[in-house]
Amino acid sequence: MKADKRFTLYRIGISVGIALLIGYIIVFIASFPSTDIAFMKKMKEAFDSANEAYKYFLTGALIRWRITGAAFNQSGFIQWINEAVPIIITGLAVSMVFTAKQFNIGAEGQMFLGAAVATAVAIYFPGIPFVSTVFVIITAMAVGAGFASIPGFMKAKLKASELVTSLMLNYVAFFMGLFIIKTFLRDTEAGSLVSLEFQQQAMLPLLNERYRWHIGIFFALGMTVLVWFIMKKTTWGYKVKLIGDNMKFAEYSGINSSKMIFQVQVAAGAVAGSAGIIELLGYHGRFLWLYSPGYGWDGIIIATLARNNPLFVPLAALFLSYIRVGAKIMGRYTNIAPEIVAILQAVIILLVTAEAFLAKWKQRSINKEATQNEINAMPVQVGDTK
Amino acid sequence: MAENCILEMNNIWKIYPNGVVANKDMNLKVNKGEIHALLGENGAGKSTLMKILFGIEQPTKGEIIYEGQKVDISSPNKAIEYGIGMVHQHFMLVPSLTVAENIILGMEPKKGLSINIDEAYRFVQEQSDLFGLPVPSKEKVKDISVGMKQRVEIIKTLVRGANLIILDEPTAVLTPQETVDLFKALKNLTEKGKTIIFITHKLNEVKEIADRITVTRRGKVVGTADVKDITEIEMSKMMVGRDVDIRIEKEPALTGEKLMEINDLEYTRADGVKSLKGLSFSVREGEILGVAGVEGNGQTELVQIITGIIPRESGQVILNQIELPLKTDPGFCRNAGLSHIPSDRMERGVAPDSTIAENIISDRFKKIPFSKKGVIKWKQVYGFGEDMIKEFDIRTDNAKTEIKMLSGGNIQKVVVAREFTAHSKITIADQPTRGIDIAAADFIRRRLVKERENNLAVLLVSADLTELLEVADRIIVLYKGEIVAHFKHVKQINETVLGEYMLGIKRMTSEEMGDL
């Protein structure tokens, strides 16, 4: 029904609005001066600085505010796009497993371990332009797929909850990844724990040298189209959707559900595996994560916002990275901590996934639509009653 | 008349979150001490109206006046407080507890911290004597018959102080003999001043037991009448809105070779009950074999084994000369030429968030023209979906509608559209018309007969005896996992005869049964 889809859109819009409002209130409270001045004056100052902070937060990624006027913020823009790249990819991976109602949340580990192993290839594989890059990415994807096959296999064959196994395996992946970097690939010359530098030929081409705008975004968008095609246009994607919609029905129709459960997790693992290495190949040029960067978790947020539709994943990812870059810029110009963005994310996710939120309003519009249809419909002939 | 009125439901509207309008301005008046039948087809809104009365659903609009006062029934607990009880179609009993334990659940007589079990038995005995409803209070619920379970449910509502009892299609699960007992018990209760609302779609029952009826159709009340003033034909006209002829004309069966053979089939459930004890029979081309039996006598297991959903313990299943492997695989059965209309369409028959067309191609999406080289041809899929909507008269806008937006009858039509167009030689129809409107049920029955005329084999499992007698060519009766009767000439028997075998009162010898 139309009301249903329209309502989902409203709910996302209103959730974002409420989150921004809550963020504003927090910024307002944080800006409240503690100096000994009149209350109204304090209010005014707090308003002024909150407005200032929100100006940077909402527009900082695109506009550079100078005394002379506003200008396009090239660095902010490039940062925005670059930061969206890994989370588009993990968002796609998560949307695949979620479509099959498999709550494999191992994208973080697949991404991390994929990047760590592929780092070895990026350092030691002979430097041939393009070929090296492709080979590095394929390695990362293979590692991601291989690692994802563990919870996939345990679910398909042993009925072990993929939620638990994939979650625990994230730690395994993290420490294994660090172990590989520390033991085999560490750059002893560097002051911190980082890998040796990648071969120059393996790196992704840059669109902008100064701010290191790499072509990862095209990889991510290409991946989006590919995943969209697989999920929406192939028999494989159709099977994935059916097992997610009603597994018993899929089995009854003759679909081998264990096989599909395994396959979809492995395929999503391959996608997730490429998320981390893309950023390293494009931006950093070496493995430098001491902590897991959290792209896998972001993927869950994005898949949820995008309602598991691959085409909406880039939009959700760009939205998330936009408010993050904005928050960082706000943190640079004001004394508001950029971590405030975590509160906003939490509020948005909470409201978007809360089924009952605005349900009354939805019911009212459905009632209206249904009553309208009734009035337009043919009346039931009332028979003779004695 | 007015002071005699125990319940009034005025201008009740109910719109579900998915936009389905179940009740459109419905009015109901029930007098004290009467048996009031709520008559209507499935989907007419009678169950929803009763769920509102019992506090399971909240009305979108409308008021309820009970014993002269406007009441707000926000939950079943509230309803019980007011003295309204309900016996559901699916019993809400704990199988592993005794009858008495089930009855006192939530209102246990205490002795210190533990339950005073002797007092419980005494109390249950006293109550069952009082209402003239004898129950075996020390037996476990899992060991008693369906009719007895229903009686336990009725006592449960009575001991909680119910003055108005709602019975939701109470006879749907009963054999003819059990129905007679139930009706006696109900008459007895009204003599003790209880009021009964009786939901049904069976006209003969209304005539037999009810004092007054309210007829509903498509979410509206068509009218209320005294039963003695109205004939069954008039009732059916009110219910359906037109004259109905549900007799299906068919030629005697011309049977050919065996398409399905079952040999010595055995199965033991997880709880240790042996639900199939060496079953053997066959279905030939051009015939419909009916399977009768009280629910839970092995029908479910039989169907699930033949369709590859659960593994058999021992024995043989041969479909189209291909023996089923021991490993379960519904896809294998489909490839062997089997179609399956499952008993619970929502559990296994459809994917609710997918579209009509997506549901119809679920068994053939790999074939041309629906896909080529692994890529789905959505245009062909939706074109086919539109064709099916026309051919099977599915009431909807288009094939892109999601299943969850359809009514039960239309969902069932989606299921049969898929199963009847699969070009299989054998069709297993498990309760194919349960819970759907008369027109859709009639349509499906006629399609089953058509299958048979096209020289295909049909196995029809149904709790609806009228349907079995109407559609099947031969009937076997299952009782506790065994075939206890076989009727080669369905035209010569009636529901009562079937009932005696279904209850295990009678049993045929193997000579009487003849060649199965």
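Four bridges join strand β15 (residues 288–292) of chain B to strand β22 (residues 457–461) of chain B, and the two run parallel. Helices here are DSSP runs of H or I with at least four residues, strands are DSSP runs of E with at least two, and both are numbered from the N terminus. Two strands count as paired if DSSP finds at least two bridges between them.

Before going on, some housekeeping. This is a predicted model, where local features need pLDDT of at least 70 and side-chain atom pairs count only at pLDDT 80 or more, while totals for chains, interfaces and linings use all residues. Residues are numbered from 1 along each chain as its sequence is written, and chains are lettered from A and ligands numbered from 1 in the order in which they are written.

In β22(B), the bridge partner of B:G290 is B:L460. β15(B) also pairs with strand β23 (residues 474–479) of chain B, in the parallel sense and over four bridges. There, B:A292 has B:V477 of β23(B) as its bridge partner.

So is β15(B) buried or exposed? Five of its five residues are buried, so β15(B) is largely enclosed by the rest of the structure. (A residue is buried if 20 or more other C-beta atoms lie within 10 Å of its own, exposed if 12 or fewer, and partly exposed in between; the C-beta atoms are placed from the backbone.) Both faces are covered: B:I288, B:G290 and B:A292 are buried on one side, and B:L289 and B:V291 on the other.

**A six-stranded sheet in chain B**

Chain B has an open sheet of six strands, in the order β6-β9-β10-β3-β11-β12, with mixed pairing. β6 (84–87) and β12 (220–226) of chain B stand at the edges with a single partner strand each, so one side of each has no neighbour in the sheet. From one strand to the next, the twist averages 20°. Angles run from 0 to 180 degrees between N-to-C directions, and axes are lines fitted to C-alpha atoms, for helices over the stretch in contact.

Helix α5 (residues 146–159) of chain B packs on this sheet, where it touches β6 and β9 (164–168) of chain B, and its direction makes about 170° with that of β6(B). Two residues touch, or are in contact, if their C-beta atoms, placed from the backbone, lie within 7 Å.

Here are some of the strand pairs in the sheet:

| Strand pair | Sense | Bridges |
|---|---|---|
| β3(B) and β10(B) | parallel | five bridges |
| β3(B) and β11(B) | parallel | five bridges |
| β11(B) and β12(B) | antiparallel | six bridges |

B:L39 is bridged to B:T200 in β10(B), while B:L38 stands opposite B:T214 in β11(B). On β12(B), B:V221 stands opposite B:T216. Strand β11 (residues 212–217) of chain B is mostly covered, with five of its six residues buried. β11(B) and β12(B) form a hairpin with two residues between them, and B:R218 in the turn has a positive phi of about 45°.

**Helices in chain A**

Now for the other chain. Chain A has 14 helices and four strands, and its C-alpha atoms fill a box of roughly 100 × 75 × 35 Å along the principal axes. Buried residues make up 44% of its 386 residues.

Two packed helices are described by the angle and the distance between their axes. Take helix α4 (residues 107–124) and helix α5 (residues 131–158) of chain A: their axes come within 8 Å and cross at roughly 140°. α4(A) and α5(A) are therefore oblique to each other. (Angles under 35 degrees count as roughly parallel, over 145 as roughly antiparallel, 65 to 115 as roughly perpendicular and the rest as oblique.) By class, the contact of α4(A) with α5(A) has 14 nonpolar, five polar and no charged residues. Ala, Val, Leu, Ile, Met, Phe, Trp, Tyr, Cys and Pro count as nonpolar, Asp, Glu, Lys and Arg as charged, and the others, Gly among them, as polar.

**Where the chains meet**

The contact takes 29 residues from chain A and 40 residues from chain B. On the side of chain A that touches chain B, the elements giving two or more residues are α8 (235–245), α9 (247–252) and α14 (359–376) of chain A. The residues on that side of chain A divide into ten nonpolar, eleven polar and eight charged.
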